[in-house]
Amino acid sequence: MPPSARIGSTLLAAALCAAGARAQAPGGDRPEPASPSRPETREQLDHREALKLYGRAMLAERQNRLLEAVRLYEQATRLDPEASAPLKSLVPLYLALDRLDDALVLCKKATDLDPADHATWHLYARQLRAQNRLPDAAVALGRALDCASLKEHPDLRAQIAFDLGALQESQQDFAKAEAAFVEVVRVLDNPAALLEQGEFSRDEIDGQAADTYERLGRVCVRAGKPERAVDYFVKARDKVKDKDPNRAKRLAYNLAEVHLARAEWADALRSLDEFLETLPQGTDAYRAKIKALEKLGRREDVLLALEAHAARDRHNAALKLLLAEQYGASGDTDHAVRLYDELAKSSPGPDVYRGLFALHAGARPARQDLVLNLLDEALKQGAAPEDGGNADADAAARGRSMLAVLRESPDLVRGLLPVAGERLKTGGSLAPQTGYFLGVLAARTRQLDAAEQMFRAALTQRGGGRGNRGFSGDLYDNLLRVLNLAHKHEAVIALCREGLEQAPNIYPEFFHRQAAEAYAHLGRAAEAVAAADKAVDVSPDDRRLSSRLTRAHVLAQVGRFESAVAECLDLLKSTTKTAEVRRVRHQLSTVHSMAHQYAPAEEQLRLLLQDDADDAWACNDLGYFWAEQGKNLDEAEKLIRKALELDRKNRGTVVDDADKENAAYIDSLGWVLFRRGQFDAARKELERAAALPDGAEDPAVWDHLGDVRARQGDAAGAAAAWRKAVELWEVVRSRPKDDHYNETRQKLRQ
C-alpha cells in the first residue's frame, strides 16, 4: 500500500470496526474496549495521535479556522512524516497564507512520498512556474502526465498537456512542445469521455481542438517545419468550417503566412483572399496581399484590389490609410490628398497626418507650405478665444495630432522652419500658437535662431504679450530660454525691459530675475545686484522665495559669496515648509560650490540626501565633489550612476530635447572614472557628454576631456579640447578669468 493511503485507510478501517462492534453488542450496550495483545510501539502511538490531529485539522479547515488547521496538520506531519495526506492538505493552506516557499517544499516532499499522485505533481508544477523555475516545472508536468490515475480525468490530462506544451514553447523547445500539444488533441479528438462528464459540449470540444491545432501550426512554423504546419492549420480549419465558417476563414491567414514564408505567392494570395472576407481591422493581411501581387508581377492590380476592399469595409480607417499610402506611392497625389482629407475629418489621428506630411515632404518640389497651412489653420481655429468663448474642439484635435507627428520628425521640422521664416520675412503672418509651437520644436532640435524668430513673431501677434497670462508667460519664458542658450545676454535684458513695459499681466519679478542673471553673465555686477534686489522688492509674499534665491545666485556669480551664503542662511531660518527648505539647501550648496567651499557644500548635499535619497541633483553633485577631491571614489561613482538612472526616469523639459541625456551628469561620470584611473571608460563618457547639445557648450566638459586625452598621450586631442574650453569660458562665463579658466590656459601653454 502506498504511504499516501495510510491515514485514509486507517480511518476507514477504524470506522468499519466501530460499526461491527455496534452490531454485535447485545441490547445496544457499549462494548468493552479491546485490549491489544501486545503493547503498542512508539511509531503506532504516534500514528494514532497523527490520525486524531488530522481529523481535528480537517474539521478546523471546514470551519475556516485556517491557522488552527495549519498548526494541527503540522503536528500530524511531525508525528507521522511518512504520511502524505497531511502534507497535501497543508499545501493549499500555505498558499492561502502566502507561505510560498514552504508550499513548494511540501509539494516536493509529497511527490516523493506518493509519486503516482497527478494532482500534487500538477500543483507542484504551477508553483515552480510561478517562481520562474521553468525547466523544473516542465519536469513536474511530465511526471503528472505519466501518472496512471490521470487516465480517469481526460479534461485534466488535456489541461496538463497544454500547460506543458505552452511551457516548452516559451523555452523554444519546439519538438517537445509539439509532442505535448499532440497529446492535447489526442484527448480532444476522442471526446466520448469528456462528453460523459457533462461539462463540455461537442462544439466547445471541437473549438478547443481547433485552437490547439492552430497552436501546433504556429509551433511548427517557428520550428522551421512548414509542411507539418500546413497540415495542422488545415486540421484546425476543418474542425470549425461547418459550424463556424467565419472562423475557418480567419484560420486561413495562418496558411497564408506559411505560403508567404515559402514564397508560394499564388497559394498565399488564395489564402489571403479567403481571410480578407472576414474584414479584419488591421492592415497586415492587406500588406501581405500587396507583396504577393507584386511578386506575381501584378503591381497594377494593387490599387484596384485595395479600392474594392475599402468599398466593402467603409469604416476601416487603417485600410483607407493604406490605400492613401498606395495612391501616393503610385504617383496619384490627388487621390491620396483627397483620401487623407476625408480621413482627417472623420478620424484625425497622428497616422493620418504622418502619411499626409510624408506625401507633401516627398513631393518634387516639396510642398512644406501646405503642411504649414494645415498646421496654422488648425492651431488658429483650435485656440481658445480671448473673449472666453469656446475653441473649435475638432480643430484642436487636428492640431494635437499634427504636433505629435512633428515632434517625432526632426527632418520634417527642419524643412518646415525655413518656409515659416520666409513667410514672416515677406510680410506674412502666423497664428501666435503656430509661432509658439514651431519655436518649441526648433529649440528641441537646437535651431536657436529659428526658434527666436518664431517666438518673436508670436509675441508680435499677441501685441507684445498682452492677453492670456499663461500663454504670454510661456512665450516670454521660452524666448528667454532660447536667448540664454544662444548667450545673447544683451537681448535678454532688452526683452525684459520690453516685457515690463508691454506685458503688465505678467509678474514683474519674473523679468527682473531674468535681467539680473543676464547682467551677471555680462559681468555687470552692480546692475545684476540691483535687478535682483528689485525682483525681491516687487515680489508678493508667496513668490518672494524664488526672487531671494535668484539674488543669492547672482551674488555668488559676481563673487560676493559671503552675502550669498548669508542670504541662504537667513532663508533657512525663516522657511519651514519642507519643499522650500530643500530649494534653499540646493541653492546654498551651489553657492558654496561656486566659492570652492566643498566641505559646507557637501554638508548641504548630505542633508538633502538624508531627507530624500532619490534626489538626482544631490546625488550627482555630491559624487562630483568627491571626485574633485579624489575621495570616496567608489561611492562617488555609485551616486553619479544613480543620478543618471533617476534622470532617465524623469527627463524632459519644454525647450530641450527630452530624448537626450543630462550632459552634466555624464561629465560627472567621466570625471570620476578619470579619477579612478579608468581612462578609456572616462574618455568614452566625456566624448558622449561633449556630443550632447548641453555638453557641447559646457567648458568644464571640454576641460575634463582635455585632461583625459593628455593622460592617454593624445597631445593634439588634448589641446583641441582645452582650446574649446577656453573659447567657451570667454563666451559663456560671467567671469572668464577664474581659476578654471586660468588653469586651462596654463595647460594649453604647457
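1. Let's start with the pair α8 and α11. In this predicted model, helix α8 covers residues 154-170 and helix α11 covers residues 202-222. The two pack with their axes 12 Å apart and at an angle of about 25°. Angles under 35 degrees count as roughly parallel, and α8 and α11 are therefore roughly parallel to each other. As for handedness, the crossing of α8 and α11 is left-handed.

2. From α8, Phe162, Ala166 and Glu169 take part in the contact. Their partners in α11 are Thr212, Arg215, Val219 and Arg222. Sorted by class, the contact of α8 with α11 has three nonpolar residues, three charged residues and one polar residue.

3. Stepping back to the whole chain, the secondary structure is quickly told: there are 40 helices and zero strands.

4. Taken along the principal axes, the C-alpha atoms fill a box of roughly 120 × 75 × 65 Å.

5. Of the 750 residues in the chain, 46% count as buried. Among contacts between residues at least 6 apart in sequence, 54% join residues at least 24 apart.

Conventions: Residues numbered from 1 in each chain as written. Predicted model: local features only at pLDDT ≥ 70, side-chain atom pairs only at ≥ 80, totals over all residues. Heavy atoms only, no water. Axes fitted to C-alpha atoms, helices over the stretch in contact; angles between N-to-C directions. Helix = DSSP H or I, 4+ residues; strand = E, 2+ residues; numbered from the N terminus. Parallel < 35°, antiparallel > 145°, perpendicular 65-115°, else oblique. Left-handed = near helix turned anticlockwise from the far one by under 90°. Contact = heavy atoms within 4.5 Å. Nonpolar A, V, L, I, M, F, W, Y, C, P; charged D, E, K, R; others polar. Buried < 20%, exposed > 50% of the residue type's maximum accessible area, 1.4 Å probe, protein only.
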